[in-house]
Amino acid sequence: MAGKGWFGLPFFGQDPQPEVVTCTLSGGGSRASFQLGALDYLYKHDERFTPSVFVGTSAGSIIASALAQGATRDEQRAYLERLRTIWDGMREQGDMFTPRPWFSTVEKQGPTLLELVKPPRPEPPKPRQPLIQLPFLRQQHQTPVTPSSPVEDLDPLELALQPDEEVRSEWSLATIGAMAGAFGRLRLSDLNAVATGVERTRSMYRPGPVLAQLLDHDMFVPNRVAGSGMTLRIAMVGLESGELRFMTQDGQLVDRWNEPYDQTRHDLGIGVLASCSIPAVFRPVPIGDETYVDGGARENLPAELAIGHLGGARNYVISSQSQGVQRRASMADADLFSIVMRSTEILIDEAGRDELAYAHSTASRVIHPELSVHDAMTVHPALIAINEAYGWLRAAELHLELGESEEARHRRIIELRMRIVQLEEEFLALAEPTKRDVQRLRSAKVELRDTVRSAHFTPMPPGADDWWRNWEKHPMPPSADPPWMTP
């Protein structure tokens with residue numbers, strides 16, 4: 001075990017074990033396709049990728065646990081192929097995130113609930129006009145009243161310290177009528193179902209059928225992990241203690257320094273479920289005397305344990321999280337929910353930067369996206385396939401030590417495929433596409449073909465030569481032949 005330095009970080013170079021190869025896998029929801037693509041490349045092309053230690057959190061814990069069943073590189077690769085088949089079979093968000101009935105009700109009744117909570121303000125009455133415009137009733141020309149000066153914005157300090165004004169509800173027949181109309185479209189039983197559902201489930205979604213496939217006995221058996229000789233750690237966070245903990249290959253809980261937390265042997269399948277339980281999205285999972293949620297609440301990329309405490313000498317760190325957040329329009333007047341969600345997004349990004357910086361500082365082999373293909377809860381078969389190919393290309397860049405020109409070419413390939421998905425969806429939505437519509441699609445497809453062919457120094461993912469010839473994957477596969485291939 002490595003010694004601990006400042007802030008609890010381990011010292012490196014103390015009794016390294018050259019034979020130990022580690023693989024750390026981040027969380028990322030549906031974006032784990034990036035990691036599956038990177039792993040596919042490494043198992044096929046990097047002969048030194050022979051991991052005996054797997055550490056993962058959230059979606060990364062699913063992959064890590066599946067691979068750790070294999071005692072050999074070939075067995076691990078076989079499990080990877082089965083994982084990819086399941087992942088590539090997803091067609092919609094419900095395959096991974098199935099909404100709870102109460103949440104579906106809220107989504108359907110949302111506009112009505114908003115009308116109930118905030119009925120529309122009645123329009124101010126228009127000035128009455130006389131029925132007969134007699135000469136003596138006509139308005140005489142008057143000098144317009146000088147408009148009042150706009151109220152100056154308060155200084156931020158004044159705004160923060162200014163007491164709230166008492167808010168008085170203004171009732172009228174119009175507001176009562178608006179609320180009565182909303183009640184007419186809203187069933188009280190729905191309100192009761194929402195309240196009961198929130199209390200009982202404590203989550204918006206339940207894991208979709210893809211998780212059932214991943215944890216099915218034909219795919220995953222905890223005893224196979226325990227008997228494979230592999231070392232496994234999957235991350236989770238205890239809500240009561242707030243501490244980061246890991247479950248081992250034999251079901252024991254350890255702390256962030258790999259010290260035992262208890263002596264009980266728990267079900268590893270339940271541990272995987274806990275590691276994937278995104279707060280509020282999925283229900284927390286009780287294990288022993290605590291209740292656990294997604295390990296990403298503390299560490300989305302738990303590389304420190306693999307590198308510093310499990311004796312790794314050659315360390316692979318694969319993250320599906322891109323760095324940076326997309327710029328938003330002004331949020332000066334954003335509502336409370338939007339501010340909380342945006343702040344959480346920024347906090348996750350900052351933590352991800354620190355974790356990647358740590359991995360780089362240890363001379364680990366770090367693979368991560370620079371381009372965001374989709375977010376963690378998006379399930380679109382084309383975007384998942386593109387993200388998987390992106391993981392393959394990024395792994396190739398690391399393994400072959402490719403330069404900036406090749407990296408730029410790979411990035412252009414991914415950007416083109418993302419653009420083509422959008423163009424295809426627009427094209428398929430047209431009742432009568434024109435020649436110009438076909439030409440736009442053909443132009444992008446031809447550029448994709450030429451860019452792929454120009455990538456001479458990179459082993460491309462299987463099927464890359466046909467990307468430009470075929471439709472991208474869509475939830476409803478197109479029945480028409482590719483029009484851009486018609487002379």
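Reader: Why is Gly-227 called exposed?

Author: Gly-227 has a relative accessibility of 65%, and a residue counts as exposed over 50% relative accessible area, as buried under 20% and as partly exposed in between (1.4 Å probe, protein chains only), so Gly-227 is exposed. Gly-227 lies in helix H9, residues 222–227, where helices (H or I, at least four residues) and strands (E, at least two) are DSSP runs, numbered from the N terminus. From Gly-227 to Ala-71 the sequence separation is 156 residues, while their C-alpha atoms are 8.4 Å apart in space.

Author: This is a predicted model, in which local features need pLDDT of at least 70 and side-chain atom pairs count only at pLDDT 80 or more, while totals for chains, interfaces and linings use all residues. Residues are numbered from 1 along each chain as its sequence is written, and side-chain values use heavy atoms, with hydrogens and water left out.

Reader: How do you know how confident the predictor is, and what is the mean pLDDT of the protein?

Author: The predictor gives its confidence in each residue as pLDDT, from 0 to 100; the mean for the protein is 82, and 75% of its residues reach 70 or more.

Reader: What makes Arg-84 count as buried or exposed?

Author: Arg-84 stands at 17% relative accessibility and therefore counts as buried. Arg-84 belongs to helix H3, residues 73–88, and, not counting residues up to four places away in sequence, touches Leu-36, Asp-40 and Glu-388.

Reader: What makes a set of residues a nonpolar core, and how many residues has the largest one?

Author: A nonpolar core is a set of buried Ala, Val, Leu, Ile, Met, Phe, Trp, Tyr and Cys residues joined through side-chain atoms within 4.5 Å. The largest nonpolar core has 86 residues, and those with the most contacts inside it are Leu-39 and Phe-54. Helix H13 (residues 381–400) gives the most to this core, with 10 residues. Leaving aside neighbours within four places in sequence, Leu-39 is in contact with several residues, among them Cys-23, Phe-49 and Ile-318.

Reader: How do you know that the secondary structure has been counted, and how many helices and strands are there?

Author: By the DSSP runs described above, the protein comes to 15 helices and 11 strands. Buried residues make up 45% of its 487 residues. Among contacts between residues at least 6 apart in sequence, 73% join residues at least 24 apart.

Key: Contact = heavy atoms within 4.5 Å.
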